[in-house]
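Q: Hey, I've just opened this one and I'm new to it. Can you walk me through it?

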Amino acid sequence: MAKRGGETLCEAWVVWEGDILAGEQSLRPVHRFRAPAGFEDWQLLTPRRRTDGIRLWLASGPGFSDRRGSPYLDDHGQDWPDNAVRFNAFCRIATALASGRAGTVWRPHVVHCNDWQTGLVPVWMQQRRVPAASIFTVHNLNYHGRFEPQTLHRLGLPSYLWHADALEFYGDLSFIKGGLVFADMLTTVSPTYAEEICTPARGEGLD
């Protein structure tokens, strides 16, 4: 959120699921990603009209708007096998937008991330030296975004992040640790939940 001439400007980043993107006719492309490898099919879209002063940018890429189920689970309630790759792509696109490398002139003062799906945004912001603050909000600590150790290199992350004070979690890669460790500020959905997740009983190994 930023202020200009007394006007509060709110910016939002969203992903559209299912057939919503296909049915929306008022979107225009802002940027098509060509690097790193594997991002060629991703693009940034925005509605042609702003609604209530809120500007939306939409990430369109393989697996978000072209498959059944949800972005997280298939029709049988199982995790999609490419969750790590897709949400890493989303985090890198969010970072590109925040750093001015996504075809926009807008720059954020604060980047607000939520749960494990955006946990690598603060990590990539540090890697790319993005001059903005980051906030990470925990909604449900039960879901870590936990993946096999070799995923670190598959996602293009440096080896020095593989330790217990960074992204390693009992031998696996944890997306949510990225947000918890690298964000400038942490918040939760309530003061009570904040207290609960600081205890071994509710901390899911991260207390």
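This is a predicted model: local features need pLDDT of at least 70, side-chain atom pairs count only at pLDDT 80 or more; totals for chains, interfaces and linings use all residues.

Q: Is Gln-127 buried or exposed?
A: Gln-127 counts as buried, because its relative accessibility is 18%. Buried means under 20% relative accessible area, exposed over 50%, and partly exposed in between (1.4 Å probe, protein chains only).

Q: Which side chain has a polar contact with Gln-127?
A: That's Tyr-160, at 3.1 Å. A polar contact is a pair of N or O atoms within 3.5 Å; within protein, one must be able to donate a hydrogen and the other to accept it, and residues adjacent in sequence count only if both atoms are side-chain atoms.

Q: Zooming out, how many helices and strands are there?
A: Six helices and 11 strands. The chain has 207 residues, and 43% of them count as buried.

Q: What does Cys-91 touch?
A: Not counting residues up to four places away in sequence, Cys-91 touches Gln-117, Thr-118, Gly-119, Leu-120, Val-121 and Trp-124. Cys-91 and Val-121 are 30 residues apart in sequence, yet 4.8 Å apart in space, C-alpha to C-alpha. Cys-91 is in helix H2 (residues 83-98) and counts as buried, at 0% relative accessibility.

Q: And Thr-46, where does that one go?
A: Thr-46 is in strand S4 (residues 43-47). It's buried too, with a relative accessible area of 5%. Its contacts beyond four places in sequence include Ser-26, Val-30, Arg-55 and Trp-57.

Q: Which residues other than glycine have a positive phi?
A: Asp-115 is one, with a phi of about 60°, and Glu-204 is another, near 55°. Most residues other than glycine have a negative phi. Asp-115 is in the loop between strand S6 (110-114) and helix H3 (121-127), while Glu-204 is in the segment after helix H6 (191-196). Asp-115 is buried at 14% relative accessible area, whereas Glu-204 is partly exposed at 35%.

Q: New topic: what's the volume of the second largest pocket?
A: About 310 Å³. The closest of its 14 lining residues to the centre are Asp-79, Trp-116, Tyr-143, His-144 and Gly-145.

Q: What counts as a pocket?
A: On a 1 Å grid over the protein atoms alone, a pocket is an open set of points where a 1.4 Å probe fits, with protein on both sides within 12 Å along at least five of seven lines; lining residues have an atom within 4 Å of a point. Grid points are joined across faces, edges and corners, and a volume is the space filled by probe spheres set on the points.

Terms used
Residues are numbered from 1 along each chain as its sequence is written. Side-chain values use heavy atoms; hydrogens and water are left out. Helices (H or I, at least four residues) and strands (E, at least two) are DSSP runs, numbered from the N terminus. Contact means heavy atoms within 4.5 Å.
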